[in-house]
Amino acid sequence: MGVFTYDYESTSPVAPVRLFKAFTIEAAKVWPTAAPNAVKSVEVEANPSSGNIVKINFVEGLPFQYMKHQIGGHDENNFSYSYSLIEGGPLGDKLEKISYENKFEAAASGGSICKSSMKFYTVGDNVITEDEIKALIKGSEGVYKHVEAYLLANPEACN
């Protein structure tokens, strides 16, 4: 098994606290509402806390039917969270899992900077290229941008 690390950063006009809530605590409610053409439902075991599994079900016609995340933890004071993609989605037979550490920070000009560190754990001697990683990021940006647009259009959400 190989481990490949990739760091990624993006900006958003939405405040860190709202993005944090939309991607952790309120994801089960926000994602299907914000991205109904992609996310059918989000199922959470009990509370979204460390060790629990979150299953994201996608609408028909997308390349993946579902993904399962295992929550690593989250820090509401620092707007950071971690999880691992452990089943479904883009894993296929090449990847064992993908671990994410994300943090939303206040941007100097307002809004947020999202810092993400990803670790790709490959099966056997498989290798993942930077182009493959960028394609995976591009795919997940679709839901991210829909959630961002939802938060901008609904200023009372995730406060």
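Two strands count as paired if DSSP finds at least two bridges between them. The legends below apply this to a predicted model.

**View 1**
β3 and β4 are joined by five bridges and pair in the antiparallel sense. They belong to an open sheet of seven strands with antiparallel pairing, in the order β1-β7-β6-β5-β4-β3-β2. At the edges of the sheet are β1 (3–12) and β2 (39–44), each of which pairs on one side only. Ignoring direction, neighbouring strands of this sheet are turned against each other by 20 degrees on average.

**View 2**
How many bridges join β2 to β3? There are five, and the two strands run antiparallel. Val44 stands opposite Val54 of β3.

β5 and β6 run antiparallel and are joined by six bridges; β6 covers residues 95–106. Two of the residue pairs can be named here. Ser84 has Ser99 in β6 as its bridge partner, and Tyr81 is bridged to Asn102 in β6. The two strands form a hairpin with six residues between them. In the turn, Gly89 has a positive phi of about 55 degrees.

**View 1. Strands β6 and β7 and their turn.**
β6 also pairs with β7, in the antiparallel sense and over 11 bridges. In this pairing, Lys103 has Lys115 in β7 as its bridge partner. β6 and β7 form a hairpin with five residues between them. Gly110 in the turn has a positive phi of about 95 degrees. A charge over a ring is a further detail for this view: the charged end of Lys97 sits over the ring of Tyr121, 4.8 Å from its centre.

**View 2. Helices α2 and α3 against the sheet.**
Helix α2 (residues 27–34) lies across β2 and β3 (53–58). Its direction is at about 175 degrees to that of β2. Helix α3 (residues 130–153) packs on the sheet as well, and which strands does α3 touch? They are β1, β2, β6 and β7 (112–122). The direction of α3 makes about 35 degrees with that of β1.

**View 3. Helix α1.**
Is helix α1 largely enclosed or largely open? Seven of its eight residues are buried, so α1 is largely enclosed by the rest of the structure. The buried residues are Pro16, Arg18, Leu19, Phe20, Lys21, Ala22 and Phe23. Phe20 has 1% relative accessibility; the cut-off for a buried residue is under 20%.

A search of the whole structure finds eight aromatic pairs. One of them is formed by Phe20 and Phe79, with ring centres 6.1 Å apart and planes at 55 degrees, so this pair is tilted. Phe20 lies in helix α1 (residues 16–23), while Phe79 lies in the loop between β4 (66–75) and β5 (80–88), so the pair ties together parts that are 59 residues apart in sequence. Phe20 counts as buried, whereas Phe79, at 23% relative accessibility, counts as partly exposed. Both residues belong to one aromatic cluster, formed by Phe20, Phe23, Trp31, Phe79, Tyr81, Tyr83, Tyr100, Phe104 and Tyr144.

Most residues other than glycine have a negative phi. Phe79, in the loop between β4 and β5, has a positive phi, near 55 degrees. Cys158 is not a glycine either, and its phi is positive at about 60 degrees. Where does Cys158 lie? It is in the segment after α3. With 3% relative accessibility, Cys158 counts as buried.

Definitions and conventions
Residues numbered from 1 in each chain as written. Predicted model: local features only at pLDDT ≥ 70, side-chain atom pairs only at ≥ 80, totals over all residues. Heavy atoms only, no water. Phe/Tyr/Trp six-rings, centres within 6.5 Å; stacked < 30°, edge-to-face > 60°. Helix = DSSP H or I, 4+ residues; strand = E, 2+ residues; numbered from the N terminus. Buried < 20%, exposed > 50% of the residue type's maximum accessible area, 1.4 Å probe, protein only. Lys NZ or Arg CZ within 6 Å of the ring centre and 35° of its normal. Axes fitted to C-alpha atoms, helices over the stretch in contact; angles between N-to-C directions. Contact = heavy atoms within 4.5 Å.
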